[in-house]
Each structure stands twice: as structure tokens, then as C-alpha cells.
Amino acid sequence: MSSYIDWTKTSKSNDYRGSSSFATFMIIGPTCFFLGILFAAFPYDFPLLWTKAPLPETFLDDLETHLKFLHQSPPIIARLLNIIGTVGFIGLFWKLFRPSEANFLFDGASLILYSIGVAVYIANIVKGLRLVSSGIWDTDKGLRHGSEPGEVILSREDSLKVMAASNTILALVLVGVLVLQAGQWYAEKRELEDEKEIEQKEAAPANKAASKKKQ
């Protein structure tokens, strides 16, 4: 692992990919984009998870119609989402190519969180959208079994709650990515400030000696 990290690279190095690099914008852009999508879904998620008030009679039907509309959108929408998500991965791997210690810590942790977010999206949200779009709850036929042996499909309300909880988890993970990128920016800022203070302290005795010589 020590050979993987470039210990000679600092924030002043020419090939250092820090918080102001284009790769960082490739990470922040998709992350904020997906947070915006999750924020748009929050009005549906809030009554399911964050309030004890009874749900309106048509709420589950309206939510199911909304999710069907999303899942059955034109293929170009899914391709754009895949492309935008891939851009985030490219930015992370770009910053982790011959990384500095800061890249390894902040961007490595960001990559872990970003990967967790993708796993939650594929395992819970995509699967839930497929179930909703298939109309599996349109008929009352008791216990429903999935395609895998022993797999049992939850009721409509419970399944929608799982999707809402997955949206919340995904939002927290993406916020974590932004916090790590902001932490890298703050660490670079403090490093520059500390270096300036050291330079000023080292230059102060020299300036005093030069002033005495003039006198």
C-alpha cells in the first residue's frame, strides 16, 4: 500500500489533483445531481417514514403511479443516469491515480461511499421499481414469492417504505461524499495557512537583522 501512495506529492505539486481540480467537479456534479433527484422524491418519502399521521386514501396509488412513470420512462433517461454515475467514478479513479496521502484518505473514502450508494440503488431501488412496474400488487393473492428460492415479496406499503428508506440511505451516503470533498478543501486551506505562518516566522529574524545593519 505504501508503494501505491506517492508520499512526495503535496498540494503544491504540479500533478496534484486536489479540491480545485477538474476531477473534483466530476465528482461533485453527479453527486449533487442525484441528491436533487432524491430531494424531488422526498415529498413522497416523508409521509411513509417521518410522520405518524395516517396516509391519504389515494397516497399509495399516486406513489405507485409516479414510480411506474419513472421506471417506464424512455431508455435515454436510464442511459443518461448511467453516464452521469460513470462520470463520478471516472473523477474518483482519476484522483486516485498515483494519489497523494490526502487523495488516498479523502477520495478513497469517497469512492467507498459512492460504491455503497450504487449498491443500494441497484439492490433496493431498481428492484423495487421493477416490482412496482410489473403490477405485482394489482391483485390480492396472499403471499407472493420472488424469483429466487425462498424469496418472499413484502406487501405494497412495506415495499414502498423500503424504497423510501433506501432513498434516505442513498442521500446520506452522497452527502458523505460531499463532506469528504469539502474536508479535503479545508485540509488544503489549513496547510497553506500553516505554511505561510511558518514562512513569516522564519522571515521575521532576517528582517530584524537587516534593519539593524541599516542602522
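The structure discussed here is a predicted model, in which local features need pLDDT of at least 70 and side-chain atom pairs count only at pLDDT 80 or more, whereas totals for chains, interfaces and linings use all residues. Residues are numbered from 1 along each chain as its sequence is written, and side-chain values use heavy atoms, with hydrogens and water left out.

The protein chain contains five helices and two strands, where helices (H or I, at least four residues) and strands (E, at least two) are DSSP runs numbered from the N terminus. Read from the N terminus, the order of elements is α-α-α-α-β-β-α.

Two of these helices, H2 (residues 59-71) and H4 (residues 101-134), pack at an angle of about 110°, and their axes lie 9 Å apart. Here the axes are lines fitted to C-alpha atoms, for helices over the stretch in contact, and angles run from 0 to 180 degrees between N-to-C directions. H2 and H4 are therefore roughly perpendicular to each other. In this contact (heavy atoms within 4.5 Å), Glu64, Leu67, Lys68 and His71 of H2 meet Leu129, Arg130, Val132 and Ser133 of H4. The residues involved comprise three nonpolar, two polar and three charged; Ala, Val, Leu, Ile, Met, Phe, Trp, Tyr, Cys and Pro count as nonpolar, Asp, Glu, Lys and Arg as charged, and the others, Gly among them, as polar.

Helix H4 also holds Ser110, which is buried at a relative accessible area of 0%. Buried means under 20% relative accessible area, exposed over 50%, and partly exposed in between (1.4 Å probe, protein chains only). Setting aside residues up to four places away in sequence, Ser110 touches Leu92, Val177, Leu180 and Gln181. Ser100, by contrast, belongs to the loop between helix H3 (75-95) and H4. Ser100 is buried, with a relative accessible area of 2%, and touches Ile5, Asp6, Lys9 and Tyr16, again not counting residues up to four places away in sequence.

An unreviewed UniProt entry annotates residues 21-42, 76-97, 104-123 and 162-180 as "transmembrane region". Over residues 104-123 the model is 100% helix and 0% strand, with the end C-alpha atoms 27 Å apart. Residues 162-180 are likewise 100% helix and 0% strand, with 27 Å between the end C-alpha atoms.

For the chain as a whole, buried residues make up 32% of the 215 residues. Among contacts with a separation of 6 or more, 77% join residues 24 or more positions apart.

Conventions. Angles under 35 degrees count as roughly parallel, over 145 as roughly antiparallel, 65 to 115 as roughly perpendicular and the rest as oblique. UniProt positions are given in the numbering used here, feature names are shortened, and annotations may be inferred rather than shown by experiment.
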